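Here's a quick tour for anyone opening this structure for the first time. Have a look at it, then read on.

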Amino acid sequence: MIVFIRSHVPQLDGRMRKYRQALAEAGMRTVALGWLRGESIPNVDEANDAFYRRPAPLGGGWRNVLNLVLWNGFVLRWLWHNRRDIDLVHGVDFDSCLPAYVFSRLRRVPFVFDLYDKYTETRGMAGPVAAVIDTLESWVASKADLVLLADASRYEQHGLRPSSRIRVLENVPVSGHDLSYRAVQPQVPIRIGYFGVLEERNRGLEDLIAACTRSADKVELHLAGYGPVAPLAREAARQHENVTFHGAMDVAAGLSLMSSMDVVAGFYYLTVPNHRFAAPNKYYEHL
């Protein structure tokens, strides 16, 4: 059994979905350990996956320190309880890598460290604590059996050098939906969609909503996801007929809706240093 670990909801993680789909086609069993933070999430696979259920704000920063410690404890306990069935552990980002690494060495099973993002840069952390986290993140990467990066620019970001243990795996889409380019002029209103984490300030969602509500006769805005901007999106949909808030959607449903858009929006403001490196990955994703 291969165990994927991320402090997120597996059904909303397109990259993890592709891994698991490929492994299933190869006849391999996978289980995901995820974190349900109190949101209503569709199509959660509670029969096969395992979930930590402590409520916590997405992107809560320092407010989540205790929650993250408890999350790591949950992961390590689950792994140890199921140790006889586990053949490989796949940890995503720093907040899941430590229990995965410790377990892998105790049980002598392979450990894959998947660096979606640099932990401190996505959270605006600086100073001594950030330095300690960066050092630990790099140390775990140096010990992992395999390290996955989303783009070659991430070598620079993480201070890594190319080696046989590191693979660059871009987030190229794999879908059963027809996402082929429609070589036609879009009709008015133009359908604009955003699908992902509803992060405040750093993804331009407040600006996107404001611009679209001022142009009701020209655009339709469709927002899907969950996070701090959800109340703003819900209120905009209530007040403006050209705004639709779909809430959290699983990857398959999101791709289906995305295929009906004229424009897929993805803004990455440099208020978060990690966005400079995330943009190429999102470019592949939005293709």
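Let's start with Cys212, which sits in helix 7, the stretch covering residues 205–213. Keep in mind that this is a predicted model. Is Cys212 buried or exposed? Cys212 counts as buried because its relative accessibility is 4%, and the cut-off for buried is under 20%. Setting aside residues up to four places away in sequence, Cys212 touches Ile192, Val219, Leu221 and Asn242. Ala236 is 24 residues from Cys212 along the chain, and the C-alpha atoms of the two are separated by 9.9 Å.

Next up is Leu66, found in helix 2 (residues 65–81). Leu66 counts as exposed because its relative accessibility is 52%, and exposed means over 50%. Together with Val65, Val69 and Leu70, Leu66 makes a nonpolar surface patch of about 330 Å².

Then there's Glu121, whose place is in helix 4, residues 119–122. Glu121 is buried, yet has no salt bridge. Which side chain of opposite charge is nearest to Glu121? That's Lys118, 5.4 Å away. Glu121 does have a polar contact, though: its side chain is joined to that of Gln157 at 3.0 Å. Leaving out neighbours within four places in sequence, Glu121 is in contact with Gln157, and also with Val272, Pro273, Asn274 and Phe277.

Here are some of the distances again, side by side:

| Pair | What is given | Distance |
|---|---|---|
| Cys212 and Ala236 | C-alpha separation | 9.9 Å |
| Glu121 and Lys118 | nearest side chain of opposite charge | 5.4 Å |
| Glu121 and Gln157 | side-chain polar contact | 3.0 Å |

Note on methods
Residues numbered from 1 in each chain as written. Predicted model: local features only at pLDDT ≥ 70, side-chain atom pairs only at ≥ 80, totals over all residues. Heavy atoms only, no water. Helix = DSSP H or I, 4+ residues; strand = E, 2+ residues; numbered from the N terminus. Buried < 20%, exposed > 50% of the residue type's maximum accessible area, 1.4 Å probe, protein only. Lys, Arg positive; Asp, Glu negative; His and termini not counted. Salt bridge = Lys/Arg side-chain N within 4 Å of Asp/Glu carboxyl O. Polar contact = N/O pair within 3.5 Å; in protein donor to acceptor, adjacent residues only side chain to side chain. Contact = heavy atoms within 4.5 Å. Patch = residues over 30% accessible without salt bridge, like charges linked within 9 Å, V, L, I, M, F, W, Y side chains within 5 Å. Areas by Shrake-Rupley, 256 points an atom, 1.4 Å probe, with all protein chains shown as cover.
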